[in-house]
Amino acid sequence: MRVLHVNSTAANAGGTEVFMYDLLAWQRQQGIETGLFAGTTGEPREDAETCLIKRQNWDPTALFVDPPAADALRRFLDRFRPDVIHLHNLHAFPISAIAALGAAEVPLVQHIHDASSFCANAWLTLPDGQICPGGVGQKCLQSGCQKNYPYDGRILTSVAARSAALRATVDHWITSSQTYRELCERHGFAPAACIPLWSPTPSTPRSASTDRRPLVLSIGRLVPEKGVVHLLRAWPRVRAAFPAAELLIAGEGPERAALEQLAAQAGLDPQQVFKGRIPHEEVDALMRRAKLLVVPSIWFEAYGLTIVEAQRAGLPPVISRIGGMAELVEHERSGLLVEPRDAEALAAAILRLLGDPELYERCVAGCLRAAASREADTPMRAILEVYAAAKRRGRGHRRPVDLDGLHCTDALLQDFHRVESWALDMKKHIEYLEGIGRADQPVKSFARHMKFWLKSKRPQK
């Protein structure tokens, strides 16, 4: 069997990519020939099994039509000749490339790793914390969800068009939680199979849990949806009860500076707390040093590979009761569940685990039991069964993507991009002339516009 995996980025950026590369490695061990097609901000690469095309992680001008990407995909499909195509995150993938996949005479399976197919900013959570049922439409403009993560009409249009293209072309879906399976089927992403993720790294000997120092660990991107701000707000109460407790936050992201400032206000040394991005191969050792893991997410996550890894290490987690990741923890048996956005509840849960040895040991045992149930090849083989089901389903249900509508929409948005770029150049140039803002030099493109405009006003000889 030959399986082609497709993802927006080749960078090992998060849980999706960690899982994808683990799956690639397992399939190769089983004698399955695998390929990878993805974007990269580094050097492009193309060989017998890999095609990495030069592409930004997020390019709003190339969400609908990207001829170089679609052409490269067609060429690689012709050369690699897969028996199955396994799609992963496609939130930044051009819809024209999805159309090319749909035209291929190959079964298509998509792994739903987040809510980007049902929500403009993938949070699936309203600004007040309530869960949104999903689906792109007028409510996205009325709900104020831009406060979570900014978007505009162009993004809404691209999400709706991408979801429609996937429904028209994909043969079978895979989710990691029952919560997300229900979400998929509610939005027409069916049939969908629920196959929990796993961590294939073998377990290693661990120190006695009672001997661990009170190190509280948080791992994840430093972005608003991960809720690290609530952990920092909870920490003064934790430190007051356990002065020896230490906090370590591993991860990188745009919120780091603001979070470091908040940590300093809480009496912490940011240089000691924030460790930046830690290579994934070092995560297991870090988890075996810690006393507990905190995952304070405030968005509707599909799963939580970090939680699975913590359970394998016998590291009890305190996690938000939201999304598919809540299915991973049995409250007071393999960790503690708290309501999201509640710093007081978060502090109370951390204090319970640090201060109640009986509860702590019960949760350690529960973590190890949960991990043992995932160590077998069962989930990996279940994915192969989905491949077979997609093949049996055939392609009779597929509908061609409306390429005319796609190109017309793209042309309209390209015009918008050009006007927007000109307007932003004008704004920067005015700021330069008035000595305000950050513009410290003329904007060349604006100067060019003015040059040709003035030239056009000259009397013709």
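Strand β5, residues 84-87, is covered on both of its faces in this predicted model. V84 and H86 are buried on one side. I85 and L87 are buried on the other. In a regular strand, side chains alternate between the two faces of the sheet.

The strand has a parallel partner in β1, residues 2-9. Four bridges join β1 to β5. Within this pairing, L4 stands opposite I85. A parallel pairing also links β5 to β6, residues 108-111, here through three bridges. I85 takes part again, standing opposite L108 of β6.

The largest nonpolar core holds 97 residues. F37, L87 and F93 touch the most other members of this core. Beyond its neighbours within four places in sequence, F93 contacts V6, S8, F37, R55, L63, L73, I98, L101 and R162. Another core lies apart from the largest one. It comprises 34 residues, including L247, A263, V273 and L346. In soluble globular proteins, nonpolar side chains tend to be buried together.

Aromatic rings were examined next. Six aromatic pairs are present in the structure. In one of them, F37 and F76 have ring centres 6.5 Å apart and planes at 35°, so the pair is tilted. F37 lies in strand β2, residues 33-40, whereas F76 lies in helix α2, residues 67-80, so the pair ties together parts 39 residues apart in sequence. Both F37 and F76 are buried. F76 also pairs with F80. Here the rings are stacked, with 5.8 Å between centres and 15° between planes. F76 and F80 are four residues apart in helix α2, so about one helical turn separates them. The relative accessible area of F76 is 0%, so F76 is buried. F80 has a relative accessibility of 2% and therefore counts as buried, the limit being under 20%. Ring pairs link F37, F76, F80 and F93 into a cluster. Two members of this cluster, F37 and F93, are among the residues that touch the most other members of the largest core.

Charged side chains also lie over aromatic rings. The charged end of R2 sits over the ring of F80, 4.2 Å from the ring centre. F80 is thus stacked with F76 and carries the charged end of R2 over its ring. K291 lies over the face of Y360, at 4.4 Å from the ring centre.

Several backbone features fall in loops. The peptide bond from A190 to P191 is cis, with omega near 5°. P191 is found in the loop between α6, residues 178-186, and β8, residues 192-194. R81 is not a glycine, yet its phi is positive, near 55°. This residue is found in the loop between α2 and β5. Its relative accessible area is 62%, so R81 is exposed. R341 is likewise not a glycine and has a positive phi, of about 70°. R341 is found in the loop between β14, residues 336-338, and α12, residues 343-355. With a relative accessible area of 29%, R341 is partly exposed.

Terms used. Residues numbered from 1 in each chain as written. Predicted model: local features only at pLDDT ≥ 70, side-chain atom pairs only at ≥ 80, totals over all residues. Heavy atoms only, no water. Core = buried A, V, L, I, M, F, W, Y, C linked by side-chain atoms within 4.5 Å. Buried < 20%, exposed > 50% of the residue type's maximum accessible area, 1.4 Å probe, protein only. Contact = heavy atoms within 4.5 Å. Helix = DSSP H or I, 4+ residues; strand = E, 2+ residues; numbered from the N terminus. Pairing = 2+ DSSP bridges. Phe/Tyr/Trp six-rings, centres within 6.5 Å; stacked < 30°, edge-to-face > 60°. Lys NZ or Arg CZ within 6 Å of the ring centre and 35° of its normal.
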